[in-house]
Structure formats: structure tokens, C-alpha cells
Amino acid sequence: RSGDTMKKGLKGIVLAAASLGVFAMASSTTVNAASKTTLPKSYRGTWYIYGGSDTEDKVTTYALVKLNLTSKKMGYKVYSTTKKQLTSLKWQLSAAFPTIYSKKVNNKKKVTYRVKARIDDSVTLMTLGKTKVNVKVLGKKVTALRLRADGTNVYAFRKPLRTHALSDITY
């Protein structure tokens, strides 16, 4: 029974992630031509996105997305757990795809990186940037990776944190 509860709870969270276009291979956003670049080392590696929680039959299930960025590909794995500390993770699904990055600097010298699928580099899947966000569970501001797709910001952190959940985003 608890396995069914986890699957039902995660279904909405996974669908929310997919509908954001954060992990989708298609987007309606078009871009101007930009030079290809290497993603800086400070952006590469593992980042965690809190998917939110769902309670059913007095069992709370938490969802966590583990995002892995390398210089040539992007991958993600979705996990669930009933532990509030986001430990004892159970794998739900995963995907990876080759990417191309391009650097963009705005008028205020703020740097972002456009992420494009290698199979179609005319379409930007999302933009990546770093920002400081207030994390209530830590009581301080922390550097986060901001993923922007289809006009929506999603925040990823270097360690699993129950903050800035995907499920908090309204459509």
C-alpha cells in the first residue's frame, strides 16, 4: 500500500516538473545565434531541486530531483523518500541528454548560460544563472542555481534542502 501512495504522490510532482519544461526536450523559446561555450566548473556537478511533498493516509512522501551538469550533457534523477531529512532516497525515474551551452551577458554584466539540446541547438531549453536566495530552513542566504524555463524560475542547491519546492510553483 505505501508503494502505491508514493507513486501517487510523486505522479503530480513529476508531472509538474515535466510541464515546466525544465527537463523537456522541447520549448517554444527561440534564441538569437550565440557562440558555444564551456559551462564553468562552478556550474558543473550535482545540484538538488526539492520537488515538494504529498501526504496520503498519514504518510508524507518527499520528492527530490538530482540534477547533474557536465560540460557535454545534462542528466536528472527523480527520487522519493518518507524521511523529512531527504535521506534513504528511492529512485523513481531518470533521463540524460547531450547539451550545448552558450553564454549571455546582460547590460548589468550578469552572466547566464543558455542550455540547448545538441540535436536542435536552435531551441533554448532553459537558462542557468547563479543567485543568492533566502533559505528559511538554514536561516541564511545561500547561493543557488536558478533554472529558468518558460518564464518560471526553479532553484537548485548543492545539497538536498526542503526549500523552494517545485510544487510551490503556480501555473
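The following is a conversation about a predicted model of one protein chain.

Biologist: What helices and strands are in the chain?

Modeller: The chain has one helix and nine strands. Along the sequence, the order is α-β-β-β-β-β-β-β-β-β. Keep in mind that this is a predicted model.

Biologist: And how much of the chain counts as buried?

Modeller: Of its 171 residues, 42% count as buried. The accessible surface of the chain is about 9,500 Å², and carbon and sulfur atoms hold 49% of that surface.

Biologist: Which residues touch the most other members in the largest nonpolar core?

Modeller: They are Leu 67, Leu 69, Leu 128, Leu 145 and Leu 147, in a core of 24 residues. Elements that give two or more residues to this core include β2, β3 (59-69), β7 (120-135) and β8 (140-149). As general background, nonpolar side chains in soluble globular proteins tend to be buried together.

Biologist: What does the second core include?

Modeller: That core is separate and has seven residues, among them Val 133, Val 142, Tyr 155 and Phe 157.

Biologist: Let us turn to the strands. How do β6 and β7 pair?

Modeller: β6 and β7 are antiparallel, with five bridges. They form a hairpin, and two residues lie between them.

Biologist: How many bridges join β7 to β8?

Modeller: Nine bridges join these two strands, which run antiparallel. Thr 127, for instance, stands opposite Arg 148 in β8. β7 and β8 also form a hairpin, here with four residues between them. In the turn, Gly 139 has a positive phi of about 75 degrees.

Biologist: Now the aromatic rings. How many aromatic pairs does the structure hold?

Modeller: It holds one aromatic pair. The partners are Tyr 43 and Tyr 113, whose ring centres are 5.0 Å apart. With 70 degrees between the planes, the pair is edge-to-face, because an angle over 60 degrees counts as such.

Biologist: Where in the chain are Tyr 43 and Tyr 113?

Modeller: Tyr 43 is in the loop between β1 (36-37) and β2 (45-56), while Tyr 113 is in strand β6 (residues 111-117). They are 70 residues apart, and the pair links distant parts of the chain.

Biologist: Why does Tyr 43 count as buried?

Modeller: Its relative accessibility is 7%, and the limit for buried is under 20%. Tyr 113 counts as buried too, because its relative accessibility is 6%.

Biologist: What lies over the face of Tyr 43?

Modeller: Lys 130 does, at 5.1 Å from the ring centre. Elsewhere, Arg 158 lies over the face of Trp 47, at 3.8 Å from the ring centre.

How values were computed. Residues are numbered from 1 along each chain as its sequence is written. This is a predicted model: local features need pLDDT of at least 70, side-chain atom pairs count only at pLDDT 80 or more; totals for chains, interfaces and linings use all residues. Side-chain values use heavy atoms; hydrogens and water are left out. Rings of Phe, Tyr and Trp (its six-membered ring) pair if their centres lie within 6.5 Å; planes under 30 degrees apart count as stacked, over 60 as edge-to-face and the rest as tilted. Buried means under 20% relative accessible area, exposed over 50%, partly exposed in between (1.4 Å probe, protein chains only). A charge sits over a ring if NZ of Lys or CZ of Arg is within 6 Å of the ring centre and within 35 degrees of the ring normal. A nonpolar core is a set of buried Ala, Val, Leu, Ile, Met, Phe, Trp, Tyr and Cys residues joined through side-chain atoms within 4.5 Å. Accessible areas come from the Shrake-Rupley method with a 1.4 Å probe; for residues, only the protein chains shown count as cover. Two strands pair if DSSP finds at least two bridges between them.
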